[in-house]
Amino acid sequence: GLEELGLKYTEKNISDPEAEAELLAKGGEHKVPFLVDDQTGICLYESGAIVSYLQGEYGKKDAEQTTS
């Protein structure tokens with residue numbers, strides 16, 4: 001997950017009307033988890049897709065750093 005990759009994140013509670021409106025504006029579908037990667041602009045809400053994306057986008061960089 002995010003911790004294993006050393007990534008910073010902000011958790012939001014979508015029961016808050018402002019957070020819910022922000023989620024929907026970014027393409028969310030009242031589904032959680034929902035990931036917004038501010039560095040790439042990617043928005044994902046399927047947990048399998050989120051894990052695959054994080055491993056592909058940030059896992060390689062982490063592996064390169066540990067082998068250098």
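**Entry 1: Thr 40**

I started at Thr 40, which sits in the loop between β1 and β2. The model is predicted, so I keep the confidence values for a later entry. Is Thr 40 buried, exposed or partly exposed? Its relative accessibility is 38%, so I log Thr 40 as partly exposed.

Next I looked up its partners. Setting aside neighbours within four places in sequence, I find Thr 40 in contact with Tyr 53, Glu 57 and Tyr 58. Thr 40 and Glu 57 are 17 residues apart along the chain, and their C-alpha atoms are separated by 9.6 Å.

Then I took the polar contacts. The side chain of Thr 40 meets the side chain of Tyr 53 in a polar contact of 2.7 Å. I also noted a polar atom of the Thr 40 side chain 3.3 Å from the backbone nitrogen of Ile 42.

**Entry 2: the tyrosines**

Tyr 53 and Tyr 58 both touch Thr 40, so I asked how exposed they are; under 20% relative accessible area counts as buried. I find both Tyr 53 and Tyr 58 buried.

How many aromatic pairs does the structure hold? I count 1. In the pair of Tyr 53 and Tyr 58, the ring centres are 6.4 Å apart and the planes stand at 85°, so I record the pair as edge-to-face.

**Entry 3: a cis bond**

Which residues does a cis peptide bond join? I find Val 32 and Pro 33, with omega at about 0°. Most peptide bonds are trans. Pro 33 belongs to the loop between α1 (17–25) and β1 (35–36).

**Entry 4: the whole chain**

I listed 2 helices and 2 strands. Their order from the N terminus is α-β-β-α. Of the 68 residues in the protein, 18% are buried.

**Entry 5: confidence**

The mean pLDDT of the protein is 83, and 87% of the residues reach 70 or more. Where is confidence lowest, and where is it highest? I find the lowest in helix α2 (residues 47–67), with a mean of 76. Strand β2 (residues 43–44) has the highest, at 92. Over residues 62–68 the pLDDT falls below 50. Beyond near neighbours in sequence, I find 1 contact for that stretch in the model.

Definitions and conventions:
Residues are numbered from 1 along each chain as its sequence is written. This is a predicted model: local features need pLDDT of at least 70, side-chain atom pairs count only at pLDDT 80 or more; totals for chains, interfaces and linings use all residues. Side-chain values use heavy atoms; hydrogens and water are left out. Helices (H or I, at least four residues) and strands (E, at least two) are DSSP runs, numbered from the N terminus. Buried means under 20% relative accessible area, exposed over 50%, partly exposed in between (1.4 Å probe, protein chains only). pLDDT is the predictor's confidence in each residue, from 0 to 100. Contact means heavy atoms within 4.5 Å. Rings of Phe, Tyr and Trp (its six-membered ring) pair if their centres lie within 6.5 Å; planes under 30 degrees apart count as stacked, over 60 as edge-to-face and the rest as tilted. A polar contact is a pair of N or O atoms within 3.5 Å; within protein, one must be able to donate a hydrogen and the other to accept it, and residues adjacent in sequence count only if both atoms are side-chain atoms.
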